[in-house]
Amino acid sequence: MAKAKTAPPNPVLIEDLVAANRILSNEGVVDGFGHVSVRHDSLADAFLLARSMAPGLVTASDIMMFGLDGEALGDDRRTAYVERYIHSEIYKAQPEVVAVVHSHSPAVIPFSVTAAKLRPIYHMSSFLGSDVPVFEIRDTHGDQTDMLIRSPALGAALALSLGQATVALMRGHGNVVVGRSIPEVVFRAIYTEMNARLQTEALRLGEGRVTYLSDGEAAASLATNAGVLTRAWELWKAAAMGNGG
């Protein structure tokens with residue numbers, strides 16, 4: 001177990017992380033599985049993540065602190081998520097990333113196993129850009145895995161596949177979303193799922209002929225959406241935490 005760090009996280013950060021878990025559950029992005037993390041506000045080499053449990057049940061007392069090796073800090077011996085290395089390796093590879101979501105977002109899964117590429121179909125999902133990468137676990141660990149990111153090596157391979165994108169699909173598994181804040185990563189995770197639903201319907205109705213956002217439209221929409229994230233965040237938080245959390 002890693003050596004404990006000082007400097008406890010800001011209680012507001014913990015409150016937002018709890019809300020993020022509840023929101024993603026409430027909005028159907030996660031169910032009993034999936035997780036969201038945030039980088040520690042004063043320790044660049046630490047992050048916060050709930051103990052292994054259903055996201056919709058997370059409370060402040062369930063939050064654990066981890067180092068960038070993916071191991072719990074201090075003397076916290078509670079069961080951690082097996083796939084915590086998704087988070088640790090992305091934080092290690094990308095210092096600008098502040099929050100990470102991993103989910104099995106259902107409408108997204110088909111885009112990870114077919115030739116259809118996930119692309120932004122409307123302005124709310126402009127962050128997807130023109131090329132959403134697909135992580136193929138077989139490329140690094142063969143075809144005998146259980147598909148889970150169980151080690152730092154697998155986490156590093158996923159982080160490399162993600163590169164500078166905001167979203168990476170995980171073939172036959174789910175996706176990972178990154179952001180510069182908790183509200184931003186929650187926004188992106190929700191609208192990744194929504195875009196996948198809309199794109200699937202558009203492909204069906206349009207018989208494969210769909211008009212996607214241009215690079216210019218995506219860039220302009222991305223800038224606009226960045227200024228109004230709190231509108232959606234406040235709505236989702238009120239709905240998810242309305243029973244007293």
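1. Helices (H or I, at least four residues) and strands (E, at least two) are DSSP runs, numbered from the N terminus. Glu-184 lies in helix α6, and at 6% relative accessibility Glu-184 counts as buried, a word that here means under 20% relative accessible area, with exposed meaning over 50% and partly exposed in between (1.4 Å probe, protein chains only). Setting aside residues up to four places away in sequence, Glu-184 touches Gly-179 and Leu-229, where contact means heavy atoms within 4.5 Å.

2. A word on the basis of these remarks. The model is predicted, so that local features need pLDDT of at least 70 and side-chain atom pairs count only at pLDDT 80 or more, while totals for chains, interfaces and linings use all residues. Residues are numbered from 1 along each chain as its sequence is written, and side-chain values use heavy atoms, with hydrogens and water left out.

3. Helix α1 (residues 11-26) has 16 residues and reaches 22 Å from its first C-alpha to its last, close to the 22 Å expected at 1.5 Å a residue, the expected span being 1.5 Å times one less than the number of residues. Among the buried residues of α1 are Leu-13, Ile-14, Asp-16 and Arg-22, and what covers the buried residues of this helix includes β1 (35-39), β2 (46-50), α6 (182-205) and α8 (229-240).

4. Strand β1 is largely enclosed by the rest of the structure, because 5 of its 5 residues are buried. His-35, Ser-37 and Arg-39 point one way from β1, whereas Val-36 and Val-38 point the other way. In a regular strand the side chains alternate between the two faces of the sheet. Two strands pair if DSSP finds at least two bridges between them; β1 and β4 run antiparallel and are joined by 4 bridges, with Ser-37 opposite Val-100 in β4. On β2, the bridge partner of Arg-39 is Phe-47, and β1 and β2 form a hairpin with 6 residues between them.

5. Strand β6 (residues 167-170) is the next point to follow. Val-167 and Leu-169 point one way from β6 and Ala-168 and Met-170 the other way, and all are buried. β6 runs parallel to strand β5 (residues 134-135), to which 2 bridges join it, and Phe-135 stands opposite Met-170. With strand β7 (residues 174-179), β6 pairs in the antiparallel sense over 4 bridges, and the two form a hairpin with 3 residues between them, where Gly-172 in the turn has a positive phi of about 65°.

6. Which residues line the largest cavity? The lining consists of Phe-127, Arg-180, Glu-184, Phe-187, Arg-188, Leu-222, Asn-225, Ala-226 and Leu-229, and about 60 Å³ of space lies inside. On a 1 Å grid over the protein atoms alone, a cavity is a set of points where a 1.4 Å probe fits but cannot get out, and a pocket is an open set with protein on both sides within 12 Å along at least five of seven lines; lining residues have an atom within 4 Å of a point. Grid points are joined across faces, edges and corners, and a volume is the space filled by probe spheres set on the points.

7. The second largest cavity, of about 50 Å³, has Phe-135 and Met-170 among its lining residues. The largest pocket has a volume of about 230 Å³ and is lined by 13 residues, of which Phe-33, Gly-34, His-35, Tyr-81 and Glu-83 lie nearest its centre.
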